[in-house]
Amino acid sequence: INTTEPMTAENIDAYVAHGFSGGGARFRTGVTVLAIAAHQPELLEPIRKHFRKRAAAIQANAKKPAAALAAMLIADGLWILDGLGIPPISEKQRAEVTKIVSSLLREPA
C-alpha cells in the first residue's frame, strides 16, 4: 500500500484479495516473519514500522477508516495463519469471508 496516495475501494479490495489468497510466496514470507519473531525479535522493528505506517495510511485515506482497518486486520490475521500452515477456513469459506469484508467496505458510512 502506498502511504501517500488516497485509499480507494479498489486498493482495499486488492489488499483484501491478496491477504486472502494464501499459499505460495506469502506462505514463505509468513514463516520467515514468524521465525524472526521467535528467534530474533529485535529484527522485527522495521516490520512493525511498516505495519504501523500501512495501518495509519489506511485509516487516514479510506472513506470508512474503521472498516478499512478491520479489513486489513482480517487479511493480516489470515496471512499469519496461512504462514503457520493452519488456515482455519476452507476455500469456500475464504471466498465467503472475502465477499463479506468487501461488502462491509462498500456500505454507507
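This is a predicted model: local features need pLDDT of at least 70, side-chain atom pairs count only at pLDDT 80 or more; totals for chains, interfaces and linings use all residues.
Side chains of opposite charge can pair when their charged atoms come close. Four salt bridges turn up in the structure. One of them joins glutamate 45 to arginine 48, with 3.2 Å between the closest N and O atoms. Both residues belong to helix α3, which covers residues 45-61, and they sit three residues apart, or about one turn of the helix. Glutamate 45 is partly exposed, at 28% relative accessible area, and arginine 48 is partly exposed too, at 35%.

Another bridge brings together arginine 54 and aspartate 76, at 3.4 Å from N to O. Here arginine 54 is part of helix α3 while aspartate 76 is part of helix α4, so the contact ties together parts that lie 22 residues apart in sequence. Both of these residues are buried.

Over in helix α5, arginine 94 and glutamate 91 are three residues apart, about one helical turn, and their side chains meet in a salt bridge of 3.7 Å, N to O. What about their cover? Arginine 94 has 4% relative accessibility, so it counts as buried, the cut-off being under 20%. Glutamate 91, at 57%, is exposed.

Isoleucine 86 is found in the loop between α4 (65-84) and α5 (91-106), and its 49% relative accessibility makes it partly exposed.

How values were computed: Residues are numbered from 1 along each chain as its sequence is written. Side-chain values use heavy atoms; hydrogens and water are left out. Helices (H or I, at least four residues) and strands (E, at least two) are DSSP runs, numbered from the N terminus. Buried means under 20% relative accessible area, exposed over 50%, partly exposed in between (1.4 Å probe, protein chains only).
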